[in-house]
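Open the structure in your viewer and keep the selection tool at hand.

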Amino acid sequence: MSRKNQTLGEFIIENQSSFKYTSGELSRLINSIRLAAKVVNHEVNKAGLVDIIGAAGDTNIQGEDQQKLDVYANEKFIQTLTNRNIVCGIASEEEDDFISINSQDENNQNKYVVLIDPLDGSSNIDVNVSVGTIFSIYRRVTPVGTPVTIEDFLQKGNQQVAAGYVVYGTSTMLVYTTGDGVNGFTLNPALGTLYLSHPNMQFPEDGNIYSINEGNYNHFPQGVKDYLKYCQKEEDNRPYTSRYIGSLVSDFHRNMIKGGIYIYPKSSKNAAGKLRLLYECNPMAYIAEQANGKASDGFTRILDIEPTELHQRVPFFCGSKNMVEKAENFMQNAQEA
């Protein structure tokens, strides 16, 4: 039974029976992510004091300007996961291709791949708004001991064995699931220790917050426009409140606690949507479903989508179950009209 004031390490040990694979491997993996997150957190918190804010002068695979802290976070997570000899492959939103890692221990060939968005919402760094890290963990599907292939990364989201995020905000939190509920741990900066602060996190079934970049309204599909009009109508417990930070981790985290829906639809500017299936949507959808929420592309369950490429984009509707289902109804009705 989990209890508050447990450290992350104590929690993993106490709940190891809920993880259907070897508990030691999971512990080492989560601890590697925790370590890298603490290093990145240290840099995020002093971003205004050192030459770490601003653009790095490069673009990533998606053609987006990379921030200096993007590059730093990417390097730290890859370095930490590689050095601790726990994964056989890594795919990052900031890298063109996946990274294959050869195990240094012939008797302990690694079985897991990690997909990661090292610094989500990095455009907010310069203005001191919360950013985060998102991670997704799968068991490889190719034979253990051989180099990983693209097949190990292009798995449906319903094959995830763990997923989580770190939010670097007013307090730093690690939130994760291994398929047995969602738990949140808050960093005590004085001790450098993560303590269980939010056990068994759940989306309220209903909410009154919608999170979407309404500046793109004219470019949205008709179903999304209709749903937004519904949200704004003075009827029953509406109008809902509009809250949009622009960091997926922060918007998702708030909506999970308070009840709400996050929407990043396809548009005439982004025909397939903007968020990445493997690095953002799948892990967040897995967390949402484990927390009594729902995630879809407006029509299909996110976790059932067959990935076809590493940097694939999809529309994303995620949050309180009843709100997502209502948005799906509007999408379906608009398509049939």
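A residue is called buried under 20% relative accessible area, exposed over 50%, and partly exposed in between, using a 1.4 Å probe and protein chains only. This is a predicted model, in which local features need pLDDT of at least 70 and side-chain atom pairs count only at pLDDT 80 or more, while totals for chains, interfaces and linings use all residues. Residues are numbered from 1 along each chain as its sequence is written, and side-chain values use heavy atoms, with hydrogens and water left out.

Select Ile 245, which is partly exposed at 32% relative accessibility. Ile 245 sits in the loop between strand S12 (241–242) and helix H6 (248–258); helices (H or I, at least four residues) and strands (E, at least two) are DSSP runs, numbered from the N terminus.

**Stop two: a helix pair.** Show H6 together with helix H7 (residues 277–290): their axes come within 12 Å and cross at roughly 15 degrees. H6 is therefore roughly parallel to H7, a label for angles under 35 degrees.

**Stop three: an inside residue.** Go to Val 40 in helix H2 (residues 23–45). Val 40 is buried, at a relative accessible area of 0%. Lys 76 is 36 residues away from Val 40 in sequence, yet 7.3 Å away C-alpha to C-alpha.

**Stop four: salt bridges.** How many salt bridges does a search of the whole structure find? The search finds ten, each a side-chain nitrogen of Lys or Arg within 4 Å of a carboxyl oxygen of Asp or Glu.

- Select Glu 280 and Arg 276, whose side chains form a salt bridge (3.7 Å, N to O); both residues are buried.
- Select Arg 301 and Glu 289, bridged with their closest N and O atoms 2.8 Å apart. Arg 301 is in the loop between strand S14 (293–296) and strand S15 (316–320) and Glu 289 is in H7, so this pair ties together parts twelve residues apart in sequence.

How values were computed
Axes fitted to C-alpha atoms, helices over the stretch in contact; angles between N-to-C directions. Parallel < 35°, antiparallel > 145°, perpendicular 65-115°, else oblique.
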